[in-house]
Amino acid sequence: MNRRKTVLLVVSCLTTAIAGLAQDKIPVKFGRLTPQDFEVRPGGPDSAADAVVIADLGTSEFEGNTKGWFTLIFKRSVRIKIINRKGFDAATVSIPLYVSGNDAEKLTALKASTYNLEDGKVVETRLDDKSIFSNQESKNWVKKKFTFPALKEGSILEYSFTQESPFLFNLQPWAFQGDYPCLWSEYQVDMPRFFQYVTLTQGFREYHINKSDSRNVTFHMTSPGVTSKDERYTFDDEVVMHRWVMKDVPALKEEPFTTTVSNYISKIEFQLVRYQFPSGYTEDKMGSWARLNELLMKSDDFGADLARNNGWLDDDFPAITKGAGSSLEKAQKIYTYVRDNFHCTAHSGLSITSGSLKTVYKNKTGNEAELNLLLVAMLRHAKVGADPVILSTRAHGFTQPMYPLIDRFNYVICLLTVDSSQLFLDASEPWLGFGRIPSMCYNGSARVVDQGAGAEAVIDADDLREKKLTTVFISKDDNGKGLVGHLACRPGFIEADIIRQKVKDKGLPEFVKGVQAEYTGDIACSNLQLDSLKQPDQPLGLGYDLKFNPDASNDIIYFNPMLSEGYKENPFRAAERFYPVEMPYAIDETYILNMEIPDGYDVDELPKPSRVSYNENEGLFEYLLQKDEGRIQMRARLILAKANYKREDYASLRDFFGFVVKKESEQIVFKKKK
């Protein structure tokens, strides 16, 4: 190889190495803006975004402190561009700070500026300290909140802060994805070997950088003296430096049939497991499911009352359980008593806030945890097997089956055990029947809380199947000039619960108006009736009369045989989806029509019968229709055998529903006889 080629090769390799190194560095310098920085805009599927996060940088590290222990130091710097007025929400920032007893997280070095381009020059407007507000959100949380000044379309916002925390369990999580697209998101954690954390990751985005390195660090501490001077000391330990970077991260938009989009945001979280120091000293910080059960059962805020005699129930029990012979009958009567006589004040909590179950019983009111813990106590008092179950509702997010993380749970129900059979109960909703719980509770892994290690209870939407049957009979009216009919529907239990809730909240007249509004033009409904409306343990029946008044002068009549029952649009509109499809339940819907052909008309066009399977045995759509001796008979059935589908199934599921919508929109064409 000659000298020229050698030089060119060296230069080429050096250029490539420098380019690669440049790609590993954050692409902005905070606090230094040029007019060219204002040209940044999101691209691709987020080209219409209202704002874009240009860069989001965070670091966490441990420092020795003056209390003989460690402080967590979290630093964050963010640059955002506002595209239009709809993106102004990004200009309001909230920073949560944890408080416990006399200890609290501190916010220091908070800086925020708005940058605008005026006459070709960058103009900075700094946030005034007086514009930073503190809100006490709860006993343990305070939020620092501010809104950027001088906000305009096209503004660039920057803020940075340092957060000091004495709570080592609160190693800050990091979300790489959010409401707006992000061009660069980076998080670095420097973790000493003697603090062991579990790293929990989620999301479907790949890392641009995911690497670890280690170095030795000297930690400086001061132990405050009581009778003598403070003692200062140092020690060395290996620190592992983790660095995660994602580039060009799209905004994650919530699509239909999603438990909560927060389950799928690309994110890292940490849970403290134990201290393990070089001296050999170890201390478990996470615990176990058995330990968590023990704490919950001893807690006055949860299970302590369940282990007590609860003799205050004795006076009312003969009346409550009157006529009950078996344990199952006792359970049904006790459940019905709590459901029908107590008012639920809130549906998201794990604790007794009223002081005791006796107080809840006396006041006939409480949150969902209090009412269902009371139900457990009453069942146990009647010598019927019952345990509380803690779970996370669908909107709250998934739990972590491997780790006893109590903050992942937000709801309590009752597990009834009778004659080796088990049923879940929830007495907090007046429209729920015995043996049923709200669909929001079908969210996967839950935990039974008992005197032992407890057990996992999987409450999965795949196991919840809604069967619905709708029948319609249409015949000629008495004078033969029009058609009359009757629709009868037996909805599944979940839909029945929704109907009962609507009627309770808004009244029957408003519900009737809603049904009538589904019929327009030549069709009217009347005489709506609800069977077993106030009997939640019984199936609900819905029925109403129909009257068809087509214009007799029309030579052609178009008639959709599905009436108001068909799918009007595909619920899966997006061309692609980045996370699974989570329906609230599996479905089995049958629709039957029996119709007389109007006098003076013939059938000119009839939709063709169809039968389509989805993923072999996972779904089915049948659309069968025929004309026979002056009548039209039709049967449509839609089955989806499960509720949860992988993201890889999205395209085929979208196509399947697209076919259903198209088929159910087809019409029968009647043509006047000549």
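This is a predicted model: local features need pLDDT of at least 70, side-chain atom pairs count only at pLDDT 80 or more; totals for chains, interfaces and linings use all residues.
1. Let us begin with the whole protein. The secondary structure comes to nine helices and 36 strands. Taken along the principal axes, the C-alpha atoms fill a box of roughly 100 × 85 × 55 Å. The protein has 674 residues, and buried ones make up 46% of them. Among contacts with a separation of 6 or more, 71% are between residues 24 or more positions apart.

2. Aromatic rings deserve a look next. A pair of aromatic rings is described by the distance of the centres and the angle of the planes. The structure holds 51 aromatic pairs. In one of them, the ring centres of tyrosine 264 and phenylalanine 398 are 6.2 Å apart. Their planes stand at 85°, and over 60 degrees counts as edge-to-face, so that is the class of this pair.

3. Where do tyrosine 264 and phenylalanine 398 lie? Tyrosine 264 is in the loop between β14 (231-249) and β15 (267-276), while phenylalanine 398 is in the loop between β19 (385-391) and β20 (411-418). The pair therefore ties together parts that are 134 residues apart in sequence. Tyrosine 264 has a relative accessible area of 9% and is buried, whereas phenylalanine 398, at 32%, is partly exposed.

4. Another pair is made by phenylalanine 621 and tyrosine 623, with ring centres 6.4 Å apart. Their planes meet at 40°, so this pair is tilted. Are these two residues buried or exposed? Both phenylalanine 621 and tyrosine 623 are buried.

5. Over the ring of tyrosine 361 sits the charged end of lysine 364, 4.5 Å from the ring centre. Arginine 447 lies over the face of tryptophan 289, and here the distance to the ring centre is 4.0 Å.

6. Leaving aside residues up to four places away in sequence, alanine 90 touches Ala51, Ile80, Ile82, Leu157 and Tyr180. Phenylalanine 270 is 180 residues away from alanine 90 along the chain, and the C-alpha atoms of the two are separated by 26 Å.

7. Asparagine 367 counts as buried, because its relative accessibility is 9%. Which residues does asparagine 367 touch, not counting those up to four places away in sequence? They are Cys344, Thr345, Ala346, Ser351 and Thr353.

8. Now for the second largest pocket, which holds about 1,200 Å³ of space. Of the 40 residues in its lining, Lys468, Glu495, Glu518, Glu565 and Glu589 are the closest to the centre. Several elements give two or more residues to this lining, among them β24 (465-476), β25 (483-490), α8 (508-516) and α9 (650-664). With five residues, α7 gives the most. By class, the lining of this pocket divides into 22 nonpolar, six polar and twelve charged residues.

9. How many cavities of 30 Å³ or more are found in a search of the whole structure? There are two. The largest cavity has a volume of about 80 Å³. Gln177, Phe204, Arg205, Pro250, Ala251, Leu252, Tyr264, Ser266, Phe578 and Tyr579 line the largest cavity, so to speak of classes, seven are nonpolar, two polar and one charged. Tyr264 in this lining is also a member of the edge-to-face pair with phenylalanine 398.

10. The second largest cavity has about 40 Å³ of space. Its lining is formed by Ser60, Leu72, Ile73, Phe74, Gln163, Ser165, Asn170, Leu171 and Gln172. Two or more residues of this lining come from each of β2 and β9 (156-165), and β2 has the largest share, with three residues. The lining of the second largest cavity divides into four nonpolar, five polar and no charged residues.

Methods: Residues are numbered from 1 along each chain as its sequence is written. Side-chain values use heavy atoms; hydrogens and water are left out. Rings of Phe, Tyr and Trp (its six-membered ring) pair if their centres lie within 6.5 Å; planes under 30 degrees apart count as stacked, over 60 as edge-to-face and the rest as tilted. Helices (H or I, at least four residues) and strands (E, at least two) are DSSP runs, numbered from the N terminus. Buried means under 20% relative accessible area, exposed over 50%, partly exposed in between (1.4 Å probe, protein chains only). A charge sits over a ring if NZ of Lys or CZ of Arg is within 6 Å of the ring centre and within 35 degrees of the ring normal. Contact means heavy atoms within 4.5 Å. On a 1 Å grid over the protein atoms alone, a cavity is a set of points where a 1.4 Å probe fits but cannot get out, and a pocket is an open set with protein on both sides within 12 Å along at least five of seven lines; lining residues have an atom within 4 Å of a point. Grid points are joined across faces, edges and corners, and a volume is the space filled by probe spheres set on the points.
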